[in-house]
Amino acid sequence: MSRSPAGSPPVALSVAGTDSGGAAGLAADLTTFAALGVHGACTVTAVTAQDTTGVASVHALPPREVAAQLDAVVGDLLVAAAKTGVLGSPAVVRLVAAVAVEQRLPLVVDPVLVATSGAVLGDADVAAALVEHLLPVATVVTPNRSEALALTGLAADTPDPALAAALADLGCAVVLTGGEPTAADRRHGTRTDWLALPGSPPLPLTHAGVPTVHDHGSGCTHSAALTAHLARGADLATAVRAAAAFTAERMRAGAGWRLGRGRGPVAHTVPEPAPASTPASTPASTPATARGPRAATPTGGDR
Ligand SMILES: Nc1ncnc2c1ncn2[C@@H]1O[C@H](COP(=O)(O)OP(=O)(O)O)[C@@H](O)[C@H]1O
Ligand SMILES: Cc1ncc(COP(=O)(O)OP(=O)(O)O)c(N)n1
C-alpha cells in the first residue's frame with residue numbers, strides 16, 4: 001500500500017553511493033524512481049571516482065553524516081519504501097537497519113560488495129554486518145551470484161536455485177540475478193533470475209535478454225525499480241517481474257550508445273512519449289528537431 005497523501009507521488013529513499021560516471025549508485029536509483037513516477041529521496045554513504053572502465057577510488061562518509069541525512073529524510077517525508085546500495089561500513093549497516101525497523105520501511109537490500117570491474121565496494125566486515133543486521137529486517141535482497149556466494153560462504157559451484165534458497169534461509173526474500181543461463185535461456189536468448197522466499201522452493205523468473213556489453217548500473221536499476229514498484233503498492237511477485245522488465249528495456253534503450261571507453265551505462269534518460277498528432281495551430285516555423293534528436297525514433301517507452 002502506497003503511503004503518499006492523495007495527489008502526491010509516493011516517496012522512495014535510496015541509501016547508496018555516488019558514481020561519477022552517472023551509471024550506477026544514486027544516479028541509477030534516482031533516475032529510475034523518477035521514470036516510474038516516484039519521488040526519490042537520498043542518503044549518500046560514499047563518493048566513488050568511477051567511469052565506464054572501473055572504480056578509481058571509494059570514499060566512505062562518516063556514519064554521523066549518514067545518520068544526519070537519514071534523520072532529515074525520515075523526519076520530514078513519508079517514505080513508502082527504501083533501498084540500499086554501497087553502505088561503506090558495518091556502522092552504517094547497523095544504522096540503516098535500526099531506521100528501517102523504527103520506521104517500518106519496506107526495504108530492498110542490494111548487497112553491493114564487488115563491482116563487475118572487480119573493485120571492492122564492501123569488504124568482508126560489511127558482508128558480515130549485512131547478514132547479521134540488515135537481511136533479517138529486509139523485505140527482499142537482490143544479490144548477483146558473486147554477492148550471494150560472499151554472503152553465504154557456499155562453494156563457487158553451488159547451483160543458482162540452491163544458492164538463492166540458502167540465502168532465503170537467513171530470513172528474507174531473495175532475487176538472485178546474474179546466474180548461469182538455463183537451457184531455455186540458451187535456446188531463446190532469455191535471462192533467468194531466481195526468486196526464493198523463506199521456506200519455499202525457488203522460482204525461476206525468466207525475462208527478455210539483451211545482447212549488449214553496456215550493462216553498467218544494471219543491478220542498481222533493477223533494485224531501484226523493484227523499490228519504486230513496492231513504493232507504488234505492488235506486491236513482491238509483481239514488483240520483481242516489473243523490475244526485471246524495466247531493466248531489460250532500459251538496457252535495450254542504451255545498447256546502441258557509445259558512452260565512454262568501457263561498459264557503458266544502462267539508459268537513464270527519460271523514455272520519450274509517443275509523438276502526439278500535430279495540432280493544427282503548430283507554428284510553421286517550429287523546427288522539426290525541437291523535441292530532441294530521438295523524437296523521430298520513439299523507443300516505445302515503458303510508462
Ligand atoms: N544482458 C541482459 N539482458 C537482460 N537483462 C539483463 C542483462 N544483464 C543483466 N540483466 C538483468 O538485470 C538485472 C540486474 O542483474 P545483474 O546485472 O546481474 O546485477 P549486477 O549489476 O548487480 O551484477 C537482473 O534482472 C538481470 O537478469
Ligand atoms: C556507487 C556504486 N554503487 C553500486 C555499484 C554497483 O553497480 P551495479 O549496478 O550493481 O553493477 P556494476 O554495473 O557496477 O557492476 C557501483 N558500481 N557504484
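Reply: Here it is, and we can go through it topic by topic.

Me: What should I know about the model and the numbering?

Reply: It is a predicted model, where local features need pLDDT of at least 70, side-chain atom pairs count only at pLDDT 80 or more, and totals for chains, interfaces and linings use all residues. Residues are numbered from 1 along each chain as its sequence is written, while chains are lettered from A and ligands numbered from 1 in the order in which they are written.

Me: Which residues does the UniProt domain annotation cover?

Reply: The unreviewed UniProt entry places "domain: Pyridoxamine kinase/Phosphomethylpyrimidine kinase" on residues 19–266. UniProt positions are given in the numbering used here, feature names are shortened, and annotations may be inferred rather than shown by experiment. That span is 43% helix and 19% strand, and its end C-alpha atoms lie 13 Å apart. Helices (H or I, at least four residues) and strands (E, at least two) are DSSP runs, numbered from the N terminus.

Me: On to the ligands. Which residues come nearest to ligand 1?

Reply: Asn144, Thr177, Gly178, Ser218 and Gly219 come nearest, out of 17 residues around ligand 1. A residue is near a molecule or strand if its C-beta atom, placed from the backbone, lies within 6 Å of it.

Me: And which element gives the most to that shell around ligand 1?

Reply: That's H9, with 4 residues. E8, H8 and H9 each supply at least two residues of the shell. By class, the shell around ligand 1 has 4 nonpolar, 10 polar and 3 charged residues. Here Ala, Val, Leu, Ile, Met, Phe, Trp, Tyr, Cys and Pro count as nonpolar, Asp, Glu, Lys and Arg as charged, and the others, Gly among them, as polar.

Me: What about the residues around ligand 2?

Reply: There are 19 of them, and Gly17, Ala24, Gly25, Thr116 and Gly219 come nearest. The largest share of that shell, 4 residues, comes from E1. By class, the shell around ligand 2 has 7 nonpolar, 11 polar and 1 charged residues.

Me: Changing topic: how many residues are in the largest nonpolar core?

Reply: It has 86 residues, and those with the most contacts inside it are Ala12, Val96, Leu130 and Val174. A nonpolar core is a set of buried Ala, Val, Leu, Ile, Met, Phe, Trp, Tyr and Cys residues joined through C-beta atoms within 7 Å. Buried means 20 or more other C-beta atoms within 10 Å of a residue's own, exposed means 12 or fewer, and partly exposed is in between, with C-beta atoms placed from the backbone.

Me: What does valine 96 touch?

Reply: Not counting residues up to four places away in sequence, valine 96 touches Val15, Thr84, Leu87 and Leu134. Contact means that the C-beta atoms, placed from the backbone, lie within 7 Å.

Me: Which residues of H4 are buried?

Reply: In helix H4 (residues 124–134), the buried ones are Val126, Ala127, Ala129, Leu130, Val131 and Leu134. They pack against helix H3 (90–103), strand E5 (107–109) and helix H5 (145–152).

Me: Last one: is threonine 238 buried or partly exposed?

Reply: Threonine 238 is partly exposed, because 13 other C-beta atoms lie within 10 Å. Its place is in helix H9. Threonine 238 and leucine 226 are 12 residues apart in sequence and 9.1 Å apart in space, C-alpha to C-alpha.

Notes
Contact = placed C-beta atoms within 7 Å.
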